[in-house]
Amino acid sequence: MTGRTEYPRPQFVRETWRSLNGEWEFAFDDADRGLTEKWYAAGGPFAQTIQVPFVYQCALSGIGSSEPHDIVWYRKSVELEEPDAQTDILLHFGAVDYDTKVYVNGCLAGTHTGGCTPFSVNITNYLKAGMQEIVLRVFDPHTDEFIPRGKQFWREKPDAIWYTNSTGIWQTVWLEWVPKKHIENVTYKVRFDEGRVDICCRGARVSAQDMLQYRVFLEGAKIAEGRTAWITETAEASVDVICSQVFHLNIHDEGISWTPEHPVLFDVELSLVEADGNIRDRAASYFGFRKIHTENGMVYLNNKPYYQKLVLDQGYWREGLLTAPEDAAFVRDITLAKDMGFNGCRKHQKAEDPRFLYWADHLGFLVWGESPSPVMYSKATAGQMLCEWREIVERDYNHPCIVAWVPLNESWGVPQIERDRCQQHFALTMYHYLHALDDTRLVVSNDGWQMTETDICAIHNYRHGGKDEPEIYAQYREMLADREELIQCPSTWRSIYVDGYSYRGEPIMLTEFGGIAYDAARCSGWGYTCADTEKEFLEAYRRVIDAVYASKALWGFCYTQLTDVEQEINGLLTYDREPKCDVKKIREINERPHRCCITHNPPS
């Protein structure tokens, strides 16, 4: 096994890189012996190996043990030539859960806290001739309810809506050779109404004599190029993407705008050019030209009303847990969801691998970006979540597929938000903080209930009843029927808005519902209701979608869920991504006309 081999950072591509996925030495350290000279002299307790980037709890790691171990060690020997005086070597980690120390040839080279965001270490000054030794110590406190953990259960065995824990490296590890003077990143700010895209690059060790050269392509044809000077550490340019062509606008059709039905992307070549004309650094990238906003109780994509048909996606795999077994697994998930008539997903309690976002960009699939939440609240937790969200937005800002950020879900991490002013202020802080970092997307303050200020009123309701419960179903339809019922009659004891906050005209979406289990008796699992045959399953699915489509108030939905996950068997697909019924029949149900879209009038 060689692990995941595809390029791990598709939004900013260089040719000079090397994957370190594959076999590493591995050890548990329950006694917390630490990194000592004696420990090193003995070779360390590396009694086994692991396949990176898969966590030890999953089968693809080669270990497959669910026993909790809070401290684990990794070691890998890598042969590297010392770089020339103008080159640095960066060691990149896609994501390591949770607290990481990186040692290179016995020296502490870097640290990182947080389980879902990337980090890098410049290892140049720690290298020696010949073979290099890379060692990681990872601390993942399994029972700590204050760290952002998402669906990872803090008890030993998965139960209810909580799944097997993940410890350590779960995204690609790789080396990159960069000039000491190089382009660090690029940001694209789409100004849709002006027909322009602003390109902003940050550079390392650049000077006022250097230039940023850019070339922009649409379907292989160059539409813009130019050079701009570096101002301190940044260089900025504004590109006209309409190019005085009426069919580039989205008046007659979609033009050059990005939508799930029309996922147009622009390719970009970036170069750092020195005063003598020498090209010091190159990188390839891309962007999509799109706008998302709300108005009159509706969501607009590229200034046109757009009804979101999302599916809840946990991003778990039977053999890899949080890590997809291969890149093609992302393509299969998105393709199957689109085949069933969904135009996007809510990526639930997980900041997904950038490769998923790459395929969502290219295949045309909306994404609501989420992050693992803690269970309990503390000031330290609040600070950590701010740090992680800053890193998430920085990593994913350029992906056109992402149209919303969801910092909180069902009051996880803020369990007393209903009356605790401190927790309310935190939820409000997250809402404004994300808008401060990114003013191009929507922000949902607390998906499900107990919201403060929010761009979408996102409601969860699983009380649709079974096939033999017509009265419960009738109540469900009535509850979804209009705005007043949705806002005033929540499905649980929790209010839709917390004290001091109220509905202000934002679009209303049903962002969790359904969860119908298929053949629960045979499959040994649970759902919110059950169906024993394919016919019953399709009838149950039609019933819940009928209730949504009959609503005069809803402007979109997110069905629970795409796949089965461990003990949950309420997916449209099995855990192994096999459809439970004919996907065309699900598509037929999803594509029927619904009340809001027939009229395109604001919900009443």
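This is a predicted model: local features need pLDDT of at least 70, side-chain atom pairs count only at pLDDT 80 or more; totals for chains, interfaces and linings use all residues.
Two strands count as paired if DSSP finds at least two bridges between them. Strands (E, at least two residues) and helices (H or I, at least four) are DSSP runs, numbered from the N terminus. Leu 310 stands opposite Gly 344 in β26.

Residues are numbered from 1 along each chain as its sequence is written. Local features need pLDDT of at least 70, side-chain atom pairs count only at pLDDT 80 or more, and totals for chains, interfaces and linings use all residues, while side-chain values use heavy atoms, with hydrogens and water left out.

A further open sheet has 4 strands in the order β1-β12-β5-β9. Here the pairing is antiparallel. The edge strands, β1 (17–19) and β9 (119–122), each pair on one side only. Neighbouring strands are turned by 25 degrees against each other on average, direction ignored. β5 (residues 87–93) and β12 (residues 173–179) share 7 bridges in the antiparallel sense. Thr 87 has Pro 179 as its bridge partner in β12.

Two helix pairs were examined next. Axes are lines fitted to C-alpha atoms, for helices over the stretch in contact, and angles run from 0 to 180 degrees between N-to-C directions. The axes of α2 (residues 327–339) and α3 (residues 354–363) come within 9 Å and cross at roughly 45 degrees. The two helices are therefore oblique to each other. Angles under 35 degrees count as roughly parallel, over 145 as roughly antiparallel, 65 to 115 as roughly perpendicular and the rest as oblique. α9 (residues 534–549) and α10 (residues 583–590) pack at about 20 degrees, with axes 10 Å apart. That makes α9 roughly parallel to α10. The crossing of α2 past α3 is right-handed, and α9 also passes α10 in a right-handed crossing. A crossing is right-handed if the near helix is turned clockwise from the far one by less than a right angle, and left-handed if anticlockwise.

The structure holds 3 cavities of 30 Å³ or more. On a 1 Å grid over the protein atoms alone, a cavity is a set of points where a 1.4 Å probe fits but cannot get out; a pocket is an open set with protein on both sides within 12 Å along at least five of seven lines; lining residues have an atom within 4 Å of a point. Grid points are joined across faces, edges and corners, and a volume is the space filled by probe spheres set on the points. The largest cavity has a volume of about 120 Å³. Its lining has 14 residues, with Asp 97, Arg 149, Gln 152, Leu 322 and Pro 372 nearest its centre. The second largest cavity has a volume of about 70 Å³. Of its 13 lining residues, Ala 351, Glu 352, Leu 357, Gly 369 and Asp 396 are closest to its centre. β27 (366–370), α4 (379–396) and β28 (402–406) each give two or more residues to this lining.

The second largest pocket has a volume of about 450 Å³. Among its 28 lining residues, Ile 161, Glu 410, Trp 412, Trp 449 and Arg 494 are the closest to its centre.
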